[in-house]
Structures are given as C-alpha cells and as structure tokens.
Amino acid sequence: MTEPRAPRVRRARLLAALMLAFVLTPSAAHAIIKQSNVSIPARATWTGVDGSAATGRCMLLFTFLRTKALGHCTIEGGAPLTSIQLWVDGFDTPVFATPVSGSGPFTFTVEPLPTVVVRAFPSGALRVEGHTSAGLETSGTFREATAAVLFTVPVHGGETVPPGSSTAFAFCIVTVIGAPSFLGVDCAHDLPDPQSFALHSGPAFETGDVSVDLSAALSSTHPAAWQPLDDLVRLTMAVDGTYLRMVGAGEGAVIRGQVNGCRTSNSTACMFGRFTVRASGEPTDQSVPNLPASGEILAASFNNLIVTTDEFARTQTALFSVTANRDYSLLVEMVDGCSTGQGFILNAVATDFEAFQHFVFFTDLIFQRQDALTTAGGRRLERRRAYGLACPPQR
C-alpha cells in the first residue's frame, strides 16, 4: 500500500488544530479505552513479606512493538536486595530475573520480552519480587498505570529549524504519568548511525535547551527510555512546549518532532497517528443504570478488503464499552482507503441499539476537520465515507 508522505513544510494550520479543545456532546456515560498497539505503562506497589518493613514501587513500560519492557524500581526499608524477579501466576520459576545490589533505585530491561509476560499482565497475573540473600523480601502485582497520557509523535526533517533535508523518519510514542512523574519514549526510526537523542524544551519552529538526554537509549532502529521526570518538564509538555530531536552522522542528518497533537488517554483513542476518536453513550430510557465506562481499543492496523477488485486499505478498530460490565459495547472502525480512491470510511456497530444511543467523534489534527457518527432508536449504522476527513496528498 502507498503511504502518505510526511509533511515537509511548516504547518501553521496544524499547529492551530493541535490547540483546539474538543468538546463532547454531554452523555450519561463516557467510554474509556485501552490501546493494544501502543506503549503500556504499568506500576506495582511493593509491600514487605514475612514481616519485612520494605516498601516501594516498580514502574514498567511495555514497548509498542512488544519486543522489550523497561523497569524502574525504588525501595525503602528492609534488607538490601540481591535480585529482582518477574513471576507469572501458575509458573514454578520466574520468567525473568536480574541481579541487583543495595537499595536502588534499580533499572532493568526485559529483552526479548516473553509472550507470557504480555499475556499475564492484563489479568493481574504478573508480579514483581525483590529478593535478598536470605530470600523473598517484597512483592507486588503490576497494574496498568492510571492517569497516563500518550502522544503520537512523527519525527522528521520538516520540523527542524531551519527545515532540513534529511529523508529519515521516526515514529515515537511518548508516555507521561503525573503521579509519580514518569517519562517513556518509545520509537522506531530509520536514521543511519544515530549519534544523539534528546527531549528539548521549546515551542514549534523554535530551538530550545535539552531537558532530558535520551542518548543512552539510542539503538540502530528502536530506542526506548523509561525514567522519572521532573515536574517542571512535565508541565512544559502539557502545554505543547517540548520536542524530540535525533541527530545522525554527517551534516543535515537531523530530525525533529513536536510532542503534541494526537494524545491518547483513558478516554481518547489516537488512530493512524493523526485522528483523535472519542465515544460516549447514554441509556435510551431509565431502565439501564448509569455506570462508569470501560473498554479497550483494538488498534493494530490490518489490511481490509473494501472493494471487490482486490484492493486493500489499512483498518483500525476501537472497542468502547459504556457500562462497567461491558454488556453494551460499541465497535468503531476506521478505514484509510485514500490510496485506493475510497477516502476514509467510518463504521460503528453496537451490541444493543435499543438500550443505548451512542456518539462517536473524529477529529483530524492535520486538516482541522471533524466528523461524527450516532446510533439511536434501534438503527444500525452502515459503513459510510467520512464527509469531514480529507485525504493527504498521495505519492
């Protein structure tokens, strides 16, 4: 499939779009989503075992390619640790262990990442243990970190100051947690021979100082970092005041990307790196209780046959639930058919149209367009072309 070309010029209209506040139609329940193809932050609270006074926490980041996980643990009290181990319920031995010494903080990398670890995490079957020379000292179960915000950040030569000539490109997911303040940077890139990588403070198209040096995380293709974050830097990020900058060997080998735009949180999905998608639902009568929402997004792109002439397009799907027990769910489908001439195609399918009416909102951060789908009164929505979402120029 032909991919859209990354913008190579200054995009004033985009910057204006990134600052828009998107207001949802009021409803009785708002959908909460989780993403399966983005970085996943997790945390565990350590408590002492067998009378130990040890306390602390462990933070874990699953990279979006699921090739590794990055860990950071702190501990107070208790005896000095000699090893950190990851355990999955039902296994007689740890699935990962690394030697440590002292009272930390400790950092570690699980690579390659065992598939069983990824599968165990959502069900609460993944725990972290701290061991001393005498045995088990402290233990905790990993849960998904709350209040996390993720930014989808394209990094290329068009955003350097002045605009550069590098044809390299990076795709980064930046994860920010407020309590405790933590930063995750998880990228895939094709910049030859990368030399340095950093988070800078500065607005778009202006240069700024280094806030966090990420060069130690550099790799040939998939750098990833996971570390505590200064609160002042976190607040600067919240107002779109930071950018990523990666430098390769040779003159002009520089790419940059502003950390803003397509945020993903517990109520917003980011599709194709440029669309924010939100969903909400409300009962059509008083027989259905008004409950908090939960859900997950099935956002890994896949090829979807959208016409009868064997033409395929990228598809992403998001599953929203508008009740706590997930009895009433909404599947949102978005198809990028621009390369086939079909444009963007939207679809929403609910499990119970009579009990709930649903609202789905799409915002295009590049072209400042919006579209919406609604379901109500038992009406089933058929797949239709988006009238408000423009295709980018095609190669």
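Two strands count as paired if DSSP finds at least two bridges between them. With that in hand, welcome to a predicted model in which strand S12 (residues 169–178) and S13 pair in the antiparallel sense over nine bridges. The structure also holds two disulfides, and here is a short tour of both topics.

**Strand S13 and its partners**

- A hairpin of two residues connects S12 to S13.
- Across this pairing, Ile 177 stands opposite Phe 182 in S13.
- S13 also runs antiparallel to strand S16 (residues 224–228), joined by five bridges.
- On that side, Phe 182 has Pro 228 in S16 as its bridge partner.
- Buried means under 20% relative accessible area; eight of the nine residues of S13 (residues 181–189) are buried, so this strand is largely enclosed by the rest of the structure.

**The disulfide between Cys 172 and Cys 187**

- Cys 172 and Cys 187 form a disulfide, with an S to S distance of 2.1 Å.
- Cys 172 lies in strand S12 and Cys 187 in strand S13, so the pair ties together parts that are 15 residues apart in sequence.
- The torsion about this S-S bond is about 110°, so the disulfide is right-handed.
- Cys 172 is buried at a relative accessible area of 0%, and Cys 187 is buried at 1%.

**The disulfide between Cys 58 and Cys 73**

- Cys 58 is joined to Cys 73 by a disulfide, S to S 2.0 Å.
- This pair links distant parts of the chain, 15 residues apart: Cys 58 sits in strand S3 (residues 55–62) and Cys 73 in strand S4 (residues 69–76).
- Its S-S torsion is about 115°, so this disulfide is right-handed.
- Cys 58 counts as buried at 0% relative accessibility, and Cys 73 is buried with a relative accessible area of 0%.

Definitions and conventions:
Residues are numbered from 1 along each chain as its sequence is written. This is a predicted model: local features need pLDDT of at least 70, side-chain atom pairs count only at pLDDT 80 or more; totals for chains, interfaces and linings use all residues. Side-chain values use heavy atoms; hydrogens and water are left out. Buried means under 20% relative accessible area, exposed over 50%, partly exposed in between (1.4 Å probe, protein chains only). Helices (H or I, at least four residues) and strands (E, at least two) are DSSP runs, numbered from the N terminus. A disulfide is a pair of cysteine sulfur atoms within 2.5 Å.
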